[in-house]
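Thank you for making time this morning. I would like to walk slowly through one model, so please have the sequence and the structure open while I talk.

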Amino acid sequence: MELEPRDLYEKLEFDKIIELIEKQCLGELGIEAVRRIKPHTDLAYIEKLLDEVSAYKLTIEKNDRFPISQYHDISEDIKPLEIEGYVLPEEAFKRINTILLLVREIFRFFNGGRQAAYASLYALIRPISFDESLIQAIEKVIDAEGNIKPDASPQLLKIKKEIGNKQRELDKQFRVIITEYRNKGWLTDNVESFRNGRRVLSVPSEHKRKIRGIIHDESTTGKTAFIEPEPIIDINNDIFDLETEERREIYRILKELSAAIRPYAHFIKLYQDILVTFDVIQAKARLAMQINGYKPVLADKPRLGIIRGFHPLLYLKNKNLGRATIPFNLTLLHDNRILVLSGPNAGGKSVTMKSVGLLQLMLQCGLLVSADPNSEMGIFQHLFADIGDQQSLEDDLSTYSSRLANAKVFLEKSDKRTLVLIDEFGSGTDPKIGGAIAEAILKELNNKGVFGVITTHYSNLKIFAFKNRGLVNGSMLFNKENLSPTYELKVGRPGSSYAFEIAEKTNLGQNVLQYARQRIGKNEKAVDELLIDLQREKQEVEDKLRFLTEQQKNLEKLISNYDQLHRDLEYRRKKFKLESKEQALQSSAQQNKELERMIREIREQMNLERAKEVAAKVKEEKQQLVEEVVSLKEAIYHQPETSSTPAKPIKENDFVKLKTGGATGRVLSISKQKAMVQVGDMRMTIHLRDLQHANSPLEVQSGRSIQTDIDQAASFQPKLDIRGMRMEEALRIVEAFVDQALMTGTTNLRILHGKGDGVLRKAVRAKLREYQVDMAIRHPEPELGGDGITLVEIR
């Protein structure tokens, strides 16, 4: 992410956010890593960082303690370990063991259900294995205080015991000597001391010739000599030799231990890196707890949809003082990309502008932001800001010159993925000229499609924002009654500076204010009032336009539903008429049988002329019925499509059924407008015009079926049990069940789906609402099944 100017962190006070995170770190390496934090532009990586912090924040909220504590940098210990033959000191092994113990506890933390609960944190260690033999090897030699254990080796244990025995022998001999020489008055009050690592007697100088032994030292005054008595010289020499042997054995043990863990130096460095990563994450999470931070909804394109946003530092300050912080809502996208923010001084314009930049910078650095979690924030490639006095004596730049220099950089580097923040736009020079130049710069930035927040007092910029697409006015509200700011952001209307009102509050003087009002005239105030009125009217028009557009969409949906219902009604009317004619045709067939019987009787009576007459009449009536049935079939099943979307052509492997109803089959082949269809174990050749698309056959559990044949309508059961079915299967069966209920005229239905987690219940309710039929959907009383049963009443 490109940042301008170089001191942008200080301008937006992001450096103070970094300092707050540093205070939460547990080690120096974590602090160094925090200082290296920088914004990213890769959406997936940013989301990964935010998920890690959110997961750790969840452990804090659930009081599920994560096993991490203070640690030391072992980089300087690992580096020489890679040198063959190098022996690490005891203190180094203690530091290394501390790192290993912490990492082991982290691995153990994710045993059980925590892997799923904190998946983003577990992903950091999932590719890595931990070898506990390293800890076992170190703890076999080094104790918790970092000292060599007495039993680190059998030889060391033997030496330790011998030293202990010699020490006890020395104590015994020393007590005998002290008793003897004290009785003779040859010792000082201190009796004994240590010199050159030897236990010695404190002897007055006048008696030093009376005691046989080695004089190791004398006091500064020369009045006391420190003598090692002759009887214990050999014991001290033995102890010295044993201690030398002990040091050699310890060196040998440490050398072997160094050689044992040398092949794992790379893994130890990796474990330290993991610990530092978790340190940074926990520091970010603890900051998020302080500032009430959340992860917003991310978008892989520039946009701002901040809901109830706070400046995190202001929030912390007010929280410590027991004061409330006023949140702000800001949406910048599509036609409103640049907010031109106006209002009185000290009303919160600059704080709001800085908040936008700081929250965006925190987000792209992987920090949770102090805003509602439903906020939507995009990713920017560039973040430019012109805030505060940037006068430079080194570069020979005045305040206004530095602003123009910044504007030049912004214009050269800005694009559609840029966020620009400018405070007091156009100030620093003659207001008329400065306002004109500022308007020209704003025009170019708008043409480049940048996003931004710009604060100003200039009326020409407010008018420009009102007239041009891509810009929107905003203001910080002001309480006119007590002449104090409310710190509330209002998008959609420009603000006034309230200079005269504030001047009156400060008792500037009526003569001064009257003269100023005369000088400024009425036009300036009229411009602000006119802008506010125009902005309000524009907002009202846009609101009405949105309302009418929504109404138009609803009307089109109603018309479409009406057309569909009309077609369904017409279809059912014609189908009912067809069924009546088919019944008449069946009755005619029965009459034919009766006719044949009559003919046989007539033939027997030799009345042939009468038989021909009756046969012709019956044949004519039958032909008329056949023609009516054919006509109705053509009207119902072969009428052209009337919907705006033509029916899809039938292809091989499509599931189809006859337009007259019946079972569903699969198309095996198509030839000359006829299709070979397999229905169950039968194959039939059917004309394409008699077929229509159908859903794939239902795979219904044994014991449950839904039939739509007319002969089975009487046996239709208004109860359905879909417990244990897959979601897709259950919804298909519910759809067929309701269709049959509508065909048979059943008005009360009962669907048993079970309680569970409520997913199937919600899906059933959603499927029922797809029907454009007036129906009441409810659940029975808890003792009769409650949420596990859905009752449907079709009105």
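Predicted model: local features only at pLDDT ≥ 70, side-chain atom pairs only at ≥ 80, totals over all residues.

Let me begin where helix 2, residues 14-24, packs against helix 12 at an angle of about 115°, their axes lying 8 Å apart. Helices here are DSSP runs of H or I with at least four residues, strands are runs of E with at least two, and both are numbered from the N terminus; axes are lines fitted to C-alpha atoms, for helices over the stretch in contact, and angles run from 0 to 180 degrees between N-to-C directions. The crossing of helix 2 past helix 12 is right-handed, a term used when the near helix is turned clockwise from the far one by less than a right angle, with left-handed used for anticlockwise. Helix 2 contributes Ile17, Leu20, Ile21 and Gln24 to the contact, while helix 12 contributes Asp279, Gln282, Ala283, Lys284, Arg286, Leu287 and Gln290, where contact means heavy atoms within 4.5 Å. Sorted by class, these are 5 nonpolar, 3 polar and 3 charged residues; Ala, Val, Leu, Ile, Met, Phe, Trp, Tyr, Cys and Pro count as nonpolar, Asp, Glu, Lys and Arg as charged, and the others, Gly among them, as polar.

Residues are numbered from 1 along each chain as its sequence is written, and side-chain values use heavy atoms, with hydrogens and water left out.

Is glutamine 282 buried or exposed? It counts as buried because its relative accessibility is 1%, buried being under 20% relative accessible area, exposed over 50%, and partly exposed in between, with a 1.4 Å probe and protein chains only. Its side chain makes a polar contact of 2.8 Å with the side chain of arginine 286; such a contact is a pair of N or O atoms within 3.5 Å, where within protein one must be able to donate a hydrogen and the other to accept it, and residues adjacent in sequence count only if both atoms are side-chain atoms. If we set aside neighbours within four places in sequence, glutamine 282 is in contact with Gln24, Cys25, Leu26 and Tyr56.

Helix 3, residues 28-35, belongs in this picture too, with Leu29, Gly30, Ile31, Ala33 and Val34 as its buried residues, and the cover over them includes helix 2 and helix 12.

Strand 6 and strand 10, residues 376-378, run parallel and are joined by 3 bridges, with alanine 299 partnered by glycine 378.

A second open sheet has 5 strands in the order 19-18-17-16-20, with antiparallel pairing; its edge strands are strand 19 (682-687) and strand 20 (691-693), each pairing on one side only.

Where does strand 24 find its partners? Strand 22, residues 748-752, pairs with strand 24 in the antiparallel sense over 5 bridges, and strand 23, residues 775-778, is joined to strand 24 by 4 bridges, also antiparallel. Arginine 750 stands opposite leucine 791, and isoleucine 777 has valine 792 as its bridge partner. Strand 24 is largely enclosed by the rest of the structure, because 5 of its 6 residues are buried.

**The chain as a whole**

To finish, the chain has 23 helices and 24 strands, and buried residues make up 40% of its 795 residues. Among contacts with a separation of 6 or more, 68% are between residues 24 or more positions apart.

Terms used
Pairing = 2+ DSSP bridges.
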